[in-house]
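Open your viewer and get ready to select residues by number.

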Amino acid sequence: MRNLKLLKSLCSSELQGPGSPQCFSVRSDTGSLLIASQFSVTEYDPHTGKVVRETSLTADGYLPEDGSGVVVGLQDLAELQSACLATAGGDVVLFNLNTSQLECVGSVDSGLTSMSWSPDEELVILTTGQETIIMMTKDFEPVTEVGIHQDDFGEGKFITVGWGKKETQFHGSEGKQAAQKKIQDVQPAVAWDDRRPRVTWRGDGQLFAVSAICPQTGARKVRVWNREGVLQATSEPINGLEQALCWKPSGSLIASSQRHPNKHSVVFMEKNGLLHGDFTLPFSKDQAKVKELVWNSDSTVLAVWLEDFTAGEDGKVKSYIQLWTVGNYHWYLKQSLDFDGDPQKAPVCFCWDPERPLRLHVVTHSWTSVAYDWGWTTERSRGLDVTDDASVAVIDGEKVLVTTFRQSVVPPPMCSFELQLKSPVNQVTFLCQTERTNQIAVFTSNGQISVFGKDLDKTADGFSILSRPLVLQKSFRLTAPQDNPLALRQLLWLQEEMFFVVTSGVVPNTSTLLMLRPAQDASDTLAVRSQVEVEGVVISTVHCSQSGTVALQLEDGQIWKLLWDCPEMSVEEWRDSSGCSINFPIFCIQTALCCISGTEYLLGLTDRSHLYAGDTELASNVSSFAVCDDFLLITTHSHTCRCLQLSTLTLKGLQVALSSDGGQNDETHRRVERGSRIVTVVPQDTRVILQMPRGNLETIHHRALVLAQLRKWLDGFRFREAFECMRKLRINLNLIYDHNPKVFLENVETFITQLNSINHINLFLTELKEEDTTCTMYPSPESSPLQSQVVSGQKKVDVVCDALRKAMEAMDANKFCLSILTSHVKKTVPELEIALQKVHELREKPPEAPGAVSAEEALKYLLFLVNVNDLYEHSLGTYDFDLVLMVAEKSQKDPKEYIPFLNMLKSLEPNYQRYTIDKHLKRYRKALVHLSKSGKEHFIEVLQLVKEQKLYSEALRLYTADSPQYKLVSSAYAEHLVEQQQAEQAGLLLWRCGEPARALQAFTSCSSWRNAICVAQQIPLPPDQLALLARDLAEKLTEQRRCSEAALLLDQYAKVRFHLTRLEKFAFPVKMQCECIFTKIFLVKITEAFEVHCRRLADI
């Protein structure tokens, strides 16, 4: 969906040579023109406007002095530093470009009709007046000479296997009459045909084709030869085939022209001579003749030179050079150079530049040379809001094909609507005014500007029109001088009736900037209101919709700013914040204005795929780019599409971002199909339109644009738009909460009201998970403010489920019944019992509200969320057998499996029934509670359950301390503790339940001597047994190195002095500790005896 836009045109009219130009060639090393006339050969430099050298062809007799001589071919030979020309008289002459000397390297007596060099300049083909082909090397050594007309088809002759006669074959839609159809005789060539052979080479130089008049039929026939001069194929008889012939450099097709009974076409042939496609020229059958066809060097543009058969109403014969391109198997007329009827201004020859594929050279009869430099561009609307339709305009002859991508994506060559003009279109531009960016101005080859806008008064007759066509609102004639075709270029529509154009200056290498407004005396005429002369050639202009800035780029890379919104238009150098002048290192073919970190920059893309921001190179593998709002989107030759938010990056950061490959969750990086180019980006949307090399379109939703748009919607509480976008583009719905948890929880009711769909709320709930997507899947840009996180002890899923359930129950519990069930089920610990209880309540008390959910529907929905077997088990836990039956009927269980089991349960006592169910569900604590209520007769089962599941603590809480059950459970618990090596706790438990003997045994086993002595005294034990117990415990304490405790125990309860000799094996501190203890005991005893003695004395 690209157009050819004229970047610059260099017109040189200073050259005035003798005679009239007949042919010319472009020097690939210097860019100068070699022009041959019937008198001389001249080298002319159009950039300086000077003649480099000129040599007469009549002085040495190569051409007659009367001017009747003809030069049939001229070719620059860069390797030989010469130019080779051939004359109709038969001479082949070398023109030395260093010495300006002429040298005849060969001559043919019968004369020459054409000369064509191979692309590698190794071979030359000469066609003679005797209808022969002479092939020579670059040293002019003959290789072969063969006749043009051959009776044989060639080496590529088709092979027939003889599958029946024509009369017996199937003829498809033509019917049986096709079998009797006779082959019509080929009509002779048209009268205006010059009857000269045409020679064209394939791009690789391995094959060449010759079109010549067949002596037998008088019609043209094309033959294909190889590099050795061997005939390969002969074309099928083609009625109306004309003289033009050119082989596509890529090697696929040979182009020629054909006149049909009802149309005029450019046809294509394969190398085997068979026709393969065509397109129709926009002329009637006898209106114009095709003089030449020329492909450019990269095979993207086909130039067609036409000339009217008859003079027009003004009595002048017009000429045209049309530029055609192909996309999606459709041929577009992109540009038409219409030359007026002045014979001196008519082209005499033209060719494409060998080095620059989109530079076209034209030489007129008056020796004027014009070089047109074209560039590929996509004309798109520049709006920034939702009123912009993201329109793209494609030039196709007298039509402009407009596609509004906001409403629909229409693949080319189709479109949303067409704009029909009266002349071929040369330029298209959109209005740069806010909220009116869908209006289009079209500049046609007849020098008029037509303005198209929306017809707001037209009704839709009851139908909804998604893409309303534009209608012609006004046409303007121009008073600006237009001496040559496309004299005006770089059209900008700045305001409703203000246009800006660029034209070539009076002085070479200058440009004139024109501001056009309606004339005061004629509203349909645009007059020049202001003009500025600029030193240099302006090759691009660009307008910024945000700031209104207009930037100009010169041929040498200079950047200027146009001050157009002031009384007198002026220009100034583009400067950075420090006041330094900013220029591109090299001229760029595509430019756009953008703002990076608050500073306005001009971005430029060169033909070598280098992207610049002013004089700073950002990337070196960019195939296309577009600026939309705050984002820069680029496609690269590594088949990726990058999308970067300019407000979050500095210029250095942008360089780094474009040079990196991106991480796994890098939202700025996306893979695309090979060769994809950006067509447009829909403003305030997530869609990016890409075009493939073959011409078809693809729409992608770049993740960076999607997330940026989602953040805007969520910040503006537009939950519905965000949800729909996330659901369609498969963005994790957790982002709705994770983007700003506090705001979401404060606006839960708004979220529910906007969604207003049970299914959507359920979908949101089912996708909830604990992961914070803003940290993992969709990290926020570095400069984005951090959103406040909810800090609580609860988990995220539980918080959201509870908040939504609370809001839905407050709003309408019946309406949101299914969503409420979902909020129970999707919690981290599913609340299936509560959900089933709500289903049970629905069954017991069906809601009377219209459209309310029934218990059957609720249960069916629960079965969708939860495994049916799990739900069956949880339904048992409700002890509601009707609910169990409802769930069981929805499961795949055999009734023979669950009916007997349920009947058995129904026959049991209620508490024992619930015990059985809880034990089946492995809810042992609940089972213990119910079993304890079943009666004393089931205490043995209680004790067994307690021992199996180790529920001792739970069991002790169920009985009083003085009950026999409590003692039995405590005894069992003590045994368990002893097994677990916790004898002291076991002893305490036995002592508490009234079993001191077993408690004494437990305390003794763990050396808990204080507890053991207390229990022994409580029993009570006789003194001798108590002393024996103290000695045993002291022995154990001594073995455990608890000597101080052993000494105290022996002294108080065994009445035995602890022998210090038994401590010899212990360390000195231990011995000292024991001595101190015995000393303290001795002092206590002496004190007690002394007090007793004092009391006795007092009594006396």
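Which helix gives the largest share of the lining of the largest cavity? Keep that in mind as you start; the model on your screen is a predicted one.

**Stop 1: the largest cavity**

Rolling a probe the size of a water molecule over the atoms shows where empty space is left. In this structure there are 8 cavities of 30 Å³ or more, and the largest cavity holds about 110 Å³ of space. To find the largest cavity, select its lining: Cys628, Asp629, Phe631, Val681, Val682, Gln684, Asp685, Leu705, Ala708, Gln709 and Lys712. Now colour helix H3, residues 703-715, and you have your helix: H3 supplies 4 residues, the largest share of the lining.

**Stop 2: Trp117 and Phe140**

Next come the aromatic rings. A pair of aromatic rings is described by the distance of the centres and the angle of the planes. There are 25 aromatic pairs to explore. Select Trp117 and Phe140, an edge-to-face pair with 5.9 Å from centre to centre and 90° between the planes. Trp117 belongs to strand E10 (residues 112-117), while Phe140 is in the loop between strand E12 (132-137) and strand E13 (142-147), so this pair ties together parts 23 residues apart in sequence.

**Stop 3: Trp192 and Phe309**

Now select Trp192 and Phe309, another edge-to-face pair, with 6.2 Å between centres and 65° between planes. Here distant parts of the chain are linked, 117 residues apart: Trp192 is in the loop between helix H1 (177-180) and strand E14 (198-201), and Phe309 is in the loop between strand E23 (302-308) and strand E24 (319-327). Show the surface around Phe309: this residue is partly exposed, with a relative accessible area of 31%.

**Stop 4: a cluster of rings**

Which residues do ring pairs link into a cluster? Select Phe717, Phe719, Tyr737, Phe744, Phe751 and Phe764 together to see them.

**Stop 5: charges over rings**

Finish with two lysines. Select Lys334 and Tyr332: Lys334 lies over the face of the tyrosine ring, 4.6 Å from the ring centre. Then move to Lys561, whose charged end sits over the ring of Trp574, 4.9 Å from its centre.

Note on methods. Residues numbered from 1 in each chain as written. Predicted model: local features only at pLDDT ≥ 70, side-chain atom pairs only at ≥ 80, totals over all residues. Heavy atoms only, no water. 1 Å grid on protein atoms, 1.4 Å probe; cavity = no way out; pocket = protein on both sides within 12 Å on 5 of 7 lines; lining within 4 Å. Points joined across faces, edges and corners; volume = space filled by probe spheres on them. Helix = DSSP H or I, 4+ residues; strand = E, 2+ residues; numbered from the N terminus. Phe/Tyr/Trp six-rings, centres within 6.5 Å; stacked < 30°, edge-to-face > 60°. Buried < 20%, exposed > 50% of the residue type's maximum accessible area, 1.4 Å probe, protein only. Lys NZ or Arg CZ within 6 Å of the ring centre and 35° of its normal.
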